[in-house]
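Here is a short report for a reader meeting this structure for the first time. Please have the sequence and the 3D view open while reading.

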Amino acid sequence: MEVLDLKESENLFMSLAFNEASKGTGYCSPNPCVGCVVVSKDGIILSTGYHKKYGDAHAEQMALNNKLQYDKIQNKDDFKDATAYVTLEPCSHIGQTESCAELLINRSVGKVVCALRDPDHKVSGSGFDKLEKAGVKVVLAKNWAQKAESFLEKYLYARTNLKSYVTLKWAQTIDGSMSLNGKSKWITNENQRKNARIKRGLHDCVVVGWKTLIEDNPRLDLRDTPFKDKANKVLILDPKGHSLNFEEVRDLNVFKLRDLKLVKIVIPNFKIKQVVERQSEDKFLFLGCDLKDENYFDLNLLRKKTYQDFKCNSIFVEGGAYTLAQFIKQNQYNKVCKYEGLVYAGSRGVGIKNHLVFEEFSKINN
């Protein structure tokens, strides 16, 4: 396998491949967003493809099986000795779809240019190995590695660390408060709130605490965004186990607006036995997690569970203040996303700062 910087013409094709990959943004997880551009030995683009959503054909499959995309493609031999520009290493295994590496070989593609190796343990170099053993030339485009790492940041983190990437999100006043003691529901304006919903759509799951769920009855959906037709997952953190009386809260928006299979309520492991013994159909809602101390979950362990058991590469923690503070205290987050409204709370304000020591608050408020 060669590792080198691409030439100008090749950079154009890889750029087009990333443009294709971006079309699947928000819909592919737990798979990565991948794009593919197939170019003839004469430098003519034969076909393109991208992974549209989880469970659908991969980018290479979309490109190589799409014989009707251009009139010039009549049969599989039209790809003979072509070059495939792919944003991530082709898979070598058979999962929900066929092996992309095998398909590239069967279509007689002569060269595969990739931006990055896939860290997934099912791939991790095996796609490149399969191609090379079949006589396909493999090139790793080192000048595209940084672009690929940025584009696939959440996926790469999750696959490498086997736990969910975490973004903390909140809205605050000029002086750092998240609420005005019930005097005002909104701190930010509508454009800021819409932007936050778009960020929500770029993650696999929204996380809220039980108290926020009960007091605010949020929808946590993706209305008025490019992802409005996507049913997003919701994780509810309930360290006291109040949710065991689920019938009392099943009419809340978060449960009414989506299939309950997209919702998980996290309760302490010692309370899971009560769920297992129940005969009700809602017991699949609950996920057990150990406590780090007597008051809150071990959030490092929880991130591993959301990745393994809830298939979430990334989670978007939206509140409330106490829940956000626990992620900060345990240093279990990758990024902070803050929205500041033109409001001054003064002594009426309540926020994350009420749950953190000065050093912790200073760290995330700079």
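Glu2 and Lys137 form a salt bridge, with their closest N and O atoms 2.9 Å apart. Glu2 sits in strand 1 (residues 2-4) and Lys137 in strand 6 (residues 137-141), so the pair ties together parts that are 135 residues apart in sequence. The model is a predicted one.

Glu2 is partly exposed, at 34% relative accessible area. Lys137 is partly exposed too, at 40%.

## Other salt bridges

How many salt bridges does a search of the whole structure find? The count is 14. One of them joins the side chains of Lys23 and Glu20, at 2.8 Å from N to O. Lys23 is partly exposed, with a relative accessible area of 45%. Glu20 has a relative accessible area of 9%, so this residue counts as buried, the cut-off being under 20%.

Another pairs the side chains of Arg193 and Glu190, at 3.3 Å from N to O. Both residues lie in helix 7 (residues 190-201). They are three residues apart, about one turn of the helix. Arg193 is buried, with a relative accessible area of 17%, whereas Glu190 is partly exposed at 39%. Salt bridges with shared partners link Glu190, Arg193, Arg197 and Asp224 in one network.

## Gln332 in its loop

Where does Gln332 lie? Its place is the loop between helix 12 (321-329) and strand 13 (335-340). Gln332 counts as buried because its relative accessibility is 11%, and buried means under 20%.

The side chain of Gln332 makes a polar contact with the side chain of Arg303, at 2.8 Å. Neighbours within four places in sequence aside, Gln332 is in contact with Lys163, Val166, Leu299, Asn300, Arg303 and Phe327.

## The second largest pocket

The second largest pocket holds about 730 Å³ of space. Its lining has 33 residues, and those closest to the pocket's centre are Asn31, His93, Asp120, Lys122 and Arg159.

Which helices each supply at least two residues of this lining? Among them are helix 2 (59-65), helix 6 (153-161) and helix 11 (299-308). By residue type, the lining of the second largest pocket divides into 13 nonpolar, 11 polar and nine charged residues.

Note on methods. Residues numbered from 1 in each chain as written. Predicted model: local features only at pLDDT ≥ 70, side-chain atom pairs only at ≥ 80, totals over all residues. Heavy atoms only, no water. 1 Å grid on protein atoms, 1.4 Å probe; cavity = no way out; pocket = protein on both sides within 12 Å on 5 of 7 lines; lining within 4 Å. Points joined across faces, edges and corners; volume = space filled by probe spheres on them. Helix = DSSP H or I, 4+ residues; strand = E, 2+ residues; numbered from the N terminus. Nonpolar A, V, L, I, M, F, W, Y, C, P; charged D, E, K, R; others polar. Buried < 20%, exposed > 50% of the residue type's maximum accessible area, 1.4 Å probe, protein only. Polar contact = N/O pair within 3.5 Å; in protein donor to acceptor, adjacent residues only side chain to side chain. Contact = heavy atoms within 4.5 Å. Salt bridge = Lys/Arg side-chain N within 4 Å of Asp/Glu carboxyl O.
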